[in-house]
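The notes follow in the order in which I took them.

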Amino acid sequence: MQDVITVGVDGTPEATAAVVWAAREAELRRARLRLLHAWVLLAPEPEPGPADADDQNYWPHRIIGDAREAVRDRHPDLPVDEALVADDPLAALKEAADRSTLLVLGSRDLGTLARYVMGEIGLQVVAHTRTPTVLVRARPGAAAPAPDAPVTAGLSLHEPCEALLAFAFESAARRGAPLRIVHGRHLPSYAYNRGGGVEPVAAQQAAADARQELAAALLPWREKFPDVRLDARVEQESPAQAVLRDAADAALLVVGRRHKLRFPAPKIGHVVQAAVHHAPCPVAIVPHE
């Protein structure tokens, strides 16, 4: 079965940026692209098709049509499906995610703050779905990533990492890009002396231990993807700070999110929160158990 990438469209510049990114990803994966627009007031259509300007369904058709043209202009041979659904956007996106290989959503950028502002719908989709989700920001006038821009992934060695590493290595391999793996770790308590200062020898040993753990975790992936240029880094600081700094020149940032049934609602970890709010590039959030 051919992979399917679903992108939510709503007529905003952010959604258009998500469509453009998703179309390129679909071409790299040789996947089908599904354009999804959900509106609870969508009127029944005996024969789906273009609507007149005074028709209740005019704007949903216009939104899908504009998204389709954005894809055709750049990827004329890409297989594209269109879905107009009379449903709540959150419910529609969650259902579509369950039937997709990848979900892509746009996120707004607030001027000089340069941060993602995800609405309630986007947050809930990311928190609930088991499907990898990519958040794409519209950045008018921003320079395109350099041809050799890396895929960067933030890696924890204390949680399952197979899904994240598979996504990161495969993304780098498809693009012919280098892969930068970043493991941030606070110094252990024994690295500090009684005065609160850092003991250099203890800090060096902690870093060496972390590098050894990271190398062991990456060894099977190096063997599986021998052509991917790998840059593995251990940073002795907050994982969120380390990932953001090392993703400054990235084409894509990959982070993991623990997916477990929690009540009243699942939570998004601090590394994901930092990436979503501050990363300068698209962010892929990969759920794991």
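**Entry 1: the largest pocket**

I looked up the largest pocket and found a volume of about 840 Å³. For the terms, I work on a 1 Å grid over the protein atoms alone: a cavity is a set of points where a 1.4 Å probe fits but cannot get out, a pocket is an open set with protein on both sides within 12 Å along at least five of seven lines, and lining residues have an atom within 4 Å of a point. Grid points are joined across faces, edges and corners, and a volume is the space filled by probe spheres set on the points.

This is a predicted model, in which local features need pLDDT of at least 70 and side-chain atom pairs count only at pLDDT 80 or more, while totals for chains, interfaces and linings use all residues. Residues are numbered from 1 along each chain as its sequence is written, and side-chain values use heavy atoms, with hydrogens and water left out.

I list 31 residues in the lining of the largest pocket; Trp-21, Ala-144, Pro-145, Ala-251 and Pro-282 lie nearest its centre. By class the lining has 22 nonpolar, two polar and seven charged residues. Here Ala, Val, Leu, Ile, Met, Phe, Trp, Tyr, Cys and Pro count as nonpolar, Asp, Glu, Lys and Arg as charged, and the others, Gly among them, as polar.

Which element gives the most to this lining? Helix H1 does, with seven residues. Helix H1 (13-29) and strand S6 (133-137) each supply at least two residues. Helices (H or I, at least four residues) and strands (E, at least two) are DSSP runs, numbered from the N terminus.

**Entry 2: H1 against H5**

I followed H1 to helix H5 (residues 162-175): the two pack at an angle of about 85°, with their axes 10 Å apart. H1 is therefore roughly perpendicular to H5. Axes are lines fitted to C-alpha atoms, for helices over the stretch in contact, and angles run from 0 to 180 degrees between N-to-C directions. Angles under 35 degrees count as roughly parallel, over 145 as roughly antiparallel, 65 to 115 as roughly perpendicular and the rest as oblique.

On the H1 side I noted Trp-21, Arg-24, Glu-25, Leu-28 and Arg-29, and on the H5 side Phe-167, Arg-174 and Arg-175. Contact means heavy atoms within 4.5 Å. The contact residues divide into three nonpolar, no polar and five charged.

Arg-30 lies in the loop between H1 and strand S2 (32-38). I noted its positive phi of about 55°, although Arg-30 is not a glycine. Most residues other than glycine have a negative phi. Is Arg-30 buried or exposed? Arg-30 is exposed, with a relative accessible area of 72%. Buried means under 20% relative accessible area, exposed over 50%, and partly exposed in between (1.4 Å probe, protein chains only).

Val-80 lies in strand S3 (residues 80-85). I count Val-80 as buried because its relative accessibility is 15%. Leaving out residues up to four places away in sequence, Val-80 touches Arg-32, Leu-33, Leu-35, Val-71 and Arg-72.

Val-286 sits in strand S11 (residues 283-288) and is buried, with a relative accessible area of 3%. With the exclusion of residues up to four places away in sequence, its contacts include Phe-167 and Arg-257. The C-alpha atoms of Val-286 and Arg-257 are separated by 6.0 Å, and the two residues are 29 residues apart along the chain.

**Entry 3: the cavity**

I counted one cavity of 30 Å³ or more. The largest cavity has a volume of about 30 Å³. Its lining consists of Val-126, Thr-129, Thr-131, Thr-133, Arg-257, Ile-285 and Pro-287, with three nonpolar, three polar and one charged by class.

**Entry 4: a partly exposed alanine**

I looked up Ala-232 in strand S9 (residues 230-235). Ala-232 is partly exposed, with a relative accessible area of 34%. Ala-232 and His-183 are 49 residues apart in sequence and 8.0 Å apart in space, C-alpha to C-alpha.

**Entry 5: the whole chain**

Among contacts between residues at least 6 apart in sequence, 76% join residues at least 24 apart.
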